[in-house]
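Me: Hi! I'm new to this one, could you walk me through it?

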Amino acid sequence: MANTAPKVPAEERQESPEAVDGKAEALAKLIRKSKHLVVFTGAGISTSAGIPDFRGPEGSWTLRAQGRQRTTAVNTLQAVPTPTHMALVELQSRGILKYLISQNCDGLHRKSGILPDMISELHGNSNREYCKDCGKEYIRDFRAVASYEKTVHDHRTGRKCALCGGVLLDSIINFGESLPAEALQLARDHAKKADVFLVLGSSLTVSPANELPEGAGRKKSAKLAICNLQDTPLDGLADLRIHSKTDEFIVRVMAKLDLPIPSFILHRRLVVQMESVGDDRQQLRVYGVDVDGTPITFLRSVKLEYNRRVARSEPFLINFRGDLDPGTTLKLQLEFMGNYGEPNLDIVYEYSGDSDDARAMYFLEYNPQNGEWNVTKQAGSTVGHGANGDVRMRIEGNANLLATEADVMPNDPRPNSISNSFPEVIVID
């Protein structure tokens with residue numbers, strides 16, 4: 001059965017460094033010549049991030065078969081994408097990787113920087129939920145998974161769609177359920193086009209996902225490469241078979257290709273938008289979006305400077321009674337979910353007075369290794385100084401993003417736009 005494992009796990013074999021190095025060179029040659037590289041990943045690529053696999057010696061189903069309990073494990077929300085994850089991002093950026101197919105639900109591919117239209121998450125994503133009625137998707141910086149109290153097929157997360165009010169469902173595919181039709185079709189289409197099909201960290205025992213590499217392996221026009229510590233049912237079809245940890249193999253492959261493996265940077269996109277909501281009333285809306293516009297939740301709260309109340313739930317709204325003058329500067333303190341220890345961040349939004357130009361996009365980059373934020377304001381947004389309207393600066397801890405000459409008055413410690421005549425502020429929780 002695909003959702004079980006024997007008490008005695010299959011043997012894991014690690015080839016010698018010399019053998020792995022030689023096979024890395026062989027794969028690099030195939031990749032250099034390839035026109036349509038497709039990669040297929042399984043749980044084995046996330047084990048070095050502290051996320052257990054299923055059928056290894058300490059795999060989830062192995063422990064269950066042995067009647068043992070897991071004593072330590074990394075929260076998937078705090079797991080850092082591995083060198084293998086980041087190598088795939090680099091191959092994507094270079095245009096070498098044409099498509100990624102994954103059986104993993106840990107969300108690390110999307111978090112690492114794989115674009116939404118470049119991946120089929122066949123078994124779902126524990127950070128992604130969608131509306132049952134209108135299909136709208138949401139990415140969360142928390143586990144968006146149902147409790148399954150009644151049945152494993154009850155996918156209701158308990159939240160509602162912001163667009164239509166429909167019930168939100170998690171995207172996890174449990175055993176006995178059909179794979180998402182669109183994701184599966186895209187995976188099949190790319191598998192058919194593949195001239196190099198690379199499997200990383202999968203036992204290839206779960207159907208129908210394993211039919212994709214099998215199809216590639218039976219094509220004369222495609223080369224199938226499999227990197228996994230344990231044997232797989234498709235080893236006989238492989239043109240290149242590597243028994244190795246995926247990180248050790250992929251690091252060598254990237255070196256042969258003379259390509260760097262980038263460090264993990266947490267990328268966030270924040271929109272701050274002023275809207276008219278009635279006579280003498282305006283509303284500031286703060287929200288996150290993914291690269292494709294999908295709403296993404298990564299904030300705990302938003303606070304306007306010099307206002308005591310805090311918006312602690314989505315949508316983050318700040319209402320103003322009275323007119324805001326063009327050029328009014330608002331400083332917002334952002335509190336994040338903090339899965340990687342992200343410190344609070346202050347950003348500045350300047351109201352232009354033009355309803356057609358009241359939306360500002362901020363690109364937030366957080367480096368977990370040094371705890372620094374890097375903030376870029378999109379060119380053409382409502383505020384910005386520097387080349388092409390961009391604001392770039394490095395921010396440590398709770399430092400401020402203040403970039404205009406008029407932010408501080410000589411005799412007033414507050415920004416000049418936040419004075420005694422500032423409109424009444426109401427924060428809607």
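Predicted model: local features only at pLDDT ≥ 70, side-chain atom pairs only at ≥ 80, totals over all residues.

Me: Okay, where is valine 38 placed?
Reply: Valine 38 belongs to strand S1, residues 37-41; strands are DSSP runs (E, at least two residues), numbered from the N terminus, as are helices (H or I, at least four).

Me: And is valine 38 buried or exposed?
Reply: Valine 38 is buried, with a relative accessible area of 0%. Buried means under 20% relative accessible area, with a 1.4 Å probe and protein chains only.

Me: Which residues does valine 38 touch?
Reply: Leaving out residues up to four places away in sequence, valine 38 touches Tyr99, Ile101, His190, Ala194, Val196, Phe197 and Leu198. Contact means heavy atoms within 4.5 Å.

Me: How are valine 38 and isoleucine 101 separated?
Reply: They are 63 residues apart along the chain, and their C-alpha atoms are separated by 7.5 Å.

Me: New topic: at what angle do H3 and H7 pack?
Reply: Helix H3 (residues 83-93) and helix H7 (residues 246-256) pack at about 35 degrees, with axes 9 Å apart. Axes are lines fitted to C-alpha atoms over the stretch in contact, and angles run from 0 to 180 degrees between N-to-C directions.

Me: Which residues meet there?
Reply: Pro83, Thr84, Ala87, Glu90 and Leu91 in H3 meet Thr246, Asp247, Ile250, Val251 and Met254 in H7.

Key
Residues numbered from 1 in each chain as written. Heavy atoms only, no water. Buried < 20%, exposed > 50% of the residue type's maximum accessible area, 1.4 Å probe, protein only.
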